[in-house]
Amino acid sequence: MLSDVTTPQDLDDRFRESLAALAGPTQRRDPDQPVRDGAALTGTQALALFDAQVISRQLDLAARWLRSFGEGYYTIGSAGHEGNAAVAAALRPTDPALLHYRSGAFYCARAAQTTQAAQSAQAAAPSAGENGDAESAYVGAARDVLRGIVASAEEPIAGGRHKVFGRADLAVIPTTSTVASHLPRAVGMGLALERLRRSADGPARRTGGRVGSGGGAARLPWPADAVVVCSFGDASINHASATAAFNTAGWCDHAGLRVPVLFVCEDNGLGISVRSPQGWVATMLRSRPGVRYFDADGCDPVEAYERAVEAAAWVRRHRRPAVLHLSTVRLMGHAGADVETAYRGAEEIAADVARDPVLATARVLVENGVTEPADLLARYDEAGWEIRKVAEEVIAEPKLASAADVVAPLAPRRPVRVARAVADAAARAAGPGAAARAAAFDGKPPEAAGPLTLAQSVNAALADGMLDHPGMLVFGEDVAAKGGVYGVTKGLRDRFGASRVFDTLLDETSVLGLGLGAGTAGMLPVPEIQYLAYLHNAEDQIRGEAATMQFFSRGAFRNPMVVRVAGLAYQEGFGGHFHNDNSVAVLRDVPGLVVAVPARADDAAPMLRSCLASAAVDGSVCVFLEPIALYHTRDLYVDGDGEWLDTYQGPGGWVGSHVPVGRARVYGVGSAEDVTIITFGNGVRMSLRAAAQLAAEGVGTRVVDLRWLAPLPVPDIIREASATGRVLVVDETRRSGGVGEGVIAALVDAGYVGSARRVAAVDAFVPLGPAARQVLVTEDAITQGARTLLAR
């Protein structure tokens, strides 16, 4: 039996013994009637819960069996948490769900719900057929899970990349990152759903259910009255991401914003081996302002179902957040490798086994005359053999066999489609959208305003983006009323309204979580992180949540997003490393992330348009890193020359000025034959000034502006380096972990045989005041570096 390879308490045998010991009913009850007097749950519904719970339990046993001979790779199971099947039953199959890793019963119940809902819509099957199809749905759900456990390439959501609960047709969105990191996304989804529902002129209505008029607009797959459900364990409430999510949900509620999210805390009292202090979880959850509290015994199917129905109905009716605190137990330890007896006594473990929620459901069914113990045991055994059969089948399924297979859904790049999207946007802006564009700019389009700064160019490009993408949102700290700390978003709220340009609370995790949720709901979010240094306390929302979504769902779900970040150093008169952060290593380390760094106005707008188009077309997650010190820079060589300003291109120039993702820009100074300087951001302006000085000495220079730090423009790097045979990498980030390391590595990998050296910032935080000049790259250092190369 499968139980032979589980845990010492041998859960399977205990369940059988306990079930056999139940006394048969003295009289039978109509299964279509309440399962017990006064209950909302019927006998038929309770049987369906039992079936979902049993499939989940057998999956846990199968996972341990597969692991015992090296064919299974995941043993964090749902045993003890099967009460969450009642939560699934209380919700609609069209309510988007973000589930934690003990959600086997919820997933199986949702699969059966979806099948039955489809049948009801088609009005095609009699009762018996529905039961048979429900059983097939359970087995299908089990096959999904088992494929994940054995890393089968045929697993329907992640394709063997990870064991997750997720399927687009079940409205189950995979959560694959660290503990509690999906909670901010859930809040963002709730806010986005409500904004779309409440807006009479919202994108969903104006475009027939499609968000945005540009390429890549996504159809919102959930009904207008849907609620978001998000589950997590009791230990997760202590995580900063959970705190941020609850705080944001309450903050929004206090501000009059509706966020229809049902949080479900499944409390088994343990985080691996660390206990939650008695009463702590309830105290914390009850104390969350703006979040309604419900609780239930997750080991009592009747109570769990009734309270879940009550909680879900309250959220759906009021469009406000609530939490359902579901007490559970944890059976068979945290995972297969967990020796639970090392930190729990035998009596405590036995007490949990006695509260087994699957046995509790069986007891309700038998004691109230819905069925016999023998019938339930037959269901249990039939499920066990069916799961064993499927487990043996999926072992033989193919695994991901190449790096190309693994990374295929990570970050699709379709540059031709992106370019076409930019061209289509230009055609709309110059044609059917011309009147709206003229009105938005009060008859004074930015192309007629004369030369602009980088900040002004970004502002104009954001406005044009919002005109073309009705689902585009701009938000962050101080971006609306103030127009941004540096004025980059000035006037956007007045043009597009507070529902599309709005201020958020001061928490970067929540800002990014709102963006993640809005992107998943089909919108095009453009959140702002006020300073690069502030990103680091929330970077997992990008690394673990945003960048992994397409990877772990094979593109079934996306969270397109363009994160604007003010950053890098060289601010005069406003210093310290919190406002002069020159570290981008964490961004370049995220697979699939697009990182753009515009250095001047005539690149900023085209690059932003490319990011918006890439997000809309490919679902890309882009970071648009704006050099603060260059925001309002006007001059290049001498005061008053105005050579760092540029005219904004109107729609007629968007195609010609298009900047593809991952393409560099090259400046030739003098003969451009002697040395190649490869740089980005503030380094571009400094390098051009240094190149002018070198030209006066007879030295010709090629200055290469990378523009994109991820993906690096490697072909351009190699071509321009080979043109001179001398490469100076000017890297305003740090010597260790800086961009220059990637450039040098690209040269080495390509077999570059010329000379190369780096000028980079010192491995230090940027200090306050004039001391910053001691650790940052200077023009003199660039000039001297080039001379050293030429002297070799």
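Why does glutamine 530 count as buried? At 11% relative accessibility, glutamine 530 falls in that class, because buried means under 20% relative accessible area, with exposed over 50% and partly exposed in between (1.4 Å probe, protein chains only).

Some ground rules. This is a predicted model: local features need pLDDT of at least 70, side-chain atom pairs count only at pLDDT 80 or more, and totals for chains, interfaces and linings use all residues. Residues are numbered from 1 along each chain as its sequence is written, and side-chain values use heavy atoms, with hydrogens and water left out.

Now, where is glutamine 530? Glutamine 530 sits in the loop between strand S12 (524-529) and helix H20 (532-535). Helices (H or I, at least four residues) and strands (E, at least two) are DSSP runs, numbered from the N terminus.

Next, its partners. The side chain of glutamine 530 makes a polar contact with the side chain of aspartate 478, at 2.8 Å. A polar atom of the glutamine 530 side chain also lies 3.2 Å from the backbone oxygen of glutamate 477. A polar contact is a pair of N or O atoms within 3.5 Å; within protein, one must be able to donate a hydrogen and the other to accept it, and residues adjacent in sequence count only if both atoms are side-chain atoms. Leaving aside residues up to four places away in sequence, glutamine 530 touches Glu477, Asp478, Val485 and Ala566. Contact here means heavy atoms within 4.5 Å.

On to strand S10, residues 472-476. 5 of its 5 residues are buried. In a regular strand the side chains alternate between the two faces of the sheet. In S10, both faces are covered. Met472, Val474 and Gly476 are buried on one side, Leu473 and Phe475 on the other.

What does S10 pair with? S10 and S12 pair in the parallel sense over 5 bridges. Two strands pair if DSSP finds at least two bridges between them. Methionine 472 stands opposite leucine 524 in S12. Leucine 473 has proline 525 of S12 as its bridge partner. S10 also pairs with strand S11 (residues 501-503), again parallel, over 3 bridges. There, glycine 476 stands opposite aspartate 503.

Finally, the whole sheet. 7 strands form an open sheet with mixed pairing, in the order S11-S10-S12-S13-S15-S14-S20. S11 and strand S20 (708-710) are the edge strands, each pairing on one side only.
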